[in-house]
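Subject: Structure handover

Hello,

Please find the structure below, with notes on what turned up in it. The notes start with a term and then go through the findings by topic.

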Amino acid sequence: MLFDVHAHYDDEKFDDDRGALLAEMPSGGVGHIINVGCDIESSEKSIELAEKYPFIYAAVGFHPSEAEKMKDSDFDTLGKMAENEKVVAIGEIGLEYHYTKETAEIQKKRFFEQIELAKAVNLPFQVHDREATGDCLEILKSAKPGDRRGMMHCFSGSKETAREILRLGMKISVGGTLTFKNNVKTVEVVKYVPLEEIMLETDAPYLAPVPYRGKRNSSLYMIETARKIAEIKGLDLDEVIAVTEKTAMEFYNIKD
Ligand code: NI
């Protein structure tokens with residue numbers, strides 16, 4: 001079944017029909033979802049969703065655009081959250097220079113510290129990189145995550161960056177942007193990266209794949225991204241679904 005490694009069902013865009021939509025997931029072919037936090041409040045909401053739905057897991061952490069609001073005491077809070085058995089990652093962490101470049105210095109500090117946190121609590125981490133690849137790679141290299149490896153969420157970089165990421169022992173997560181017309185760069189990346197290094201995500205409610213582009217995204221649409229990968233790599237859709245699911249189960253240490 002499909003494994004959506006990055007979604008935000010705590011978002012207010014789901015307030016009207018969250019329960020009904022999530023109830024459809026298992027019959028819609030979606031086996032697992034990781035709901036990802038952006039600050040303390042959304043991390044708590046992610047855990048609430050994970051405790052309510054057996055197929056939902058949580059990632060906890062501070063998004064780079066929220067890095068300025070992060071307090072030193074939040075590390076203790078995140079560390080305690082990470083003890084919950086349904087918390088499977090630290091995230092989303094990283095650098096966002098498109099919208100919040102003015103806080104770059106504090107973003108870099110909190111990014112590095114949250115990789116340290118991931119190592120301390122023995123969990124993988126999810127990285128957001130927007131227009132910050134140079135600094136992002138520098139921090140990933142200096143943080144030496146070792147076995148507690150990271151995943152690049154909604155990877156939008158070049159083939160050369162993908163090569164660097166794989167060299168760091170990290171995985172690449174592909175979102176709906178792969179299906180966008182003229183996205184030659186990500187098609188090249190998918191051609192180059194072995195299927196075993198790829199995971200699938202929606203970033204719901206954002207970035208819905210074609211033919212749903214512009215609409216509110218959901219894990220039910222992720223099949224379109226899987227279909228595109230199958231087409232690019234000349235594989236069966238079933239194989240893409242099965243291999244990406246297996247990779248995610250192992251990476252996030254989920255047994256059921
Ligand atoms: Ni996200």
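A residue is called buried under 20% relative accessible area, exposed over 50% and partly exposed in between, using a 1.4 Å probe and protein chains only. This is a predicted model, in which local features need pLDDT of at least 70 and side-chain atom pairs count only at pLDDT 80 or more, while totals for chains, interfaces and linings use all residues. Numbering runs from 1 along each chain as its sequence is written, and side-chain values use heavy atoms, leaving out hydrogens and water.

Backbone

For background, most residues other than glycine have a negative phi, and most peptide bonds are trans. Asn 253 is not a glycine, yet has a positive phi of about 55 degrees. Asn 253 sits in the segment after α10 (237–251) and is exposed, with a relative accessible area of 53%. Helices (H or I, at least four residues) and strands (E, at least two) are DSSP runs numbered from the N terminus. Glu 131, also not a glycine, has a positive phi of about 55 degrees. Glu 131 lies in the loop between β5 (125–130) and α6 (133–143) and counts as exposed at 53% relative accessibility.

There are cis peptide bonds to look at as well. One runs from Gly 91 to Glu 92, with omega near 5 degrees, and Glu 92 is in strand β4. Another joins Ala 204 and Pro 205, with omega about 10 degrees; Pro 205 is in the loop between β8 (198–200) and α9.

Helix packing

The axes of α8 (residues 184–192) and α9 (residues 223–233) come within 9 Å and cross at roughly 65 degrees. Axes here are lines fitted to C-alpha atoms, for helices over the stretch in contact, and angles run from 0 to 180 degrees between N-to-C directions. The two helices are therefore roughly perpendicular to each other. Angles of 65 to 115 degrees count as roughly perpendicular, under 35 as roughly parallel, over 145 as roughly antiparallel and the rest as oblique. The axes of α7 (residues 159–167) and α8 also come within 9 Å, crossing at roughly 40 degrees, which makes α7 oblique to α8. On the α7 side, Lys 159, Ala 162, Arg 163 and Leu 166 make the contact, and on the α8 side Glu 188, Val 189 and Tyr 192. Contact means heavy atoms within 4.5 Å.

Cores

A nonpolar core is a set of buried Ala, Val, Leu, Ile, Met, Phe, Trp, Tyr and Cys residues joined through side-chain atoms within 4.5 Å. The largest has 67 residues, of which Tyr 9, Leu 22, Ile 33, Phe 111, Leu 140 and Ile 229 touch the most other members. Beyond its neighbours within four places in sequence, Ile 229 contacts Val 174, Leu 178, Val 190, Leu 195, Ile 198, Leu 200 and Val 240. A second, separate core of 15 residues includes Phe 3, Val 5, Phe 251 and Tyr 252.

Ile 93 belongs to strand β4 (residues 87–96) and is buried, at a relative accessible area of 0%. Among its contacts outside four places in sequence are Phe 62, Pro 64, Phe 111 and Phe 125. His 32, in strand β2 (residues 30–36), counts as buried at 6% relative accessibility. Not counting residues up to four places away, His 32 touches residues including Phe 3, Asp 4, Glu 245 and Asp 256.

Regards
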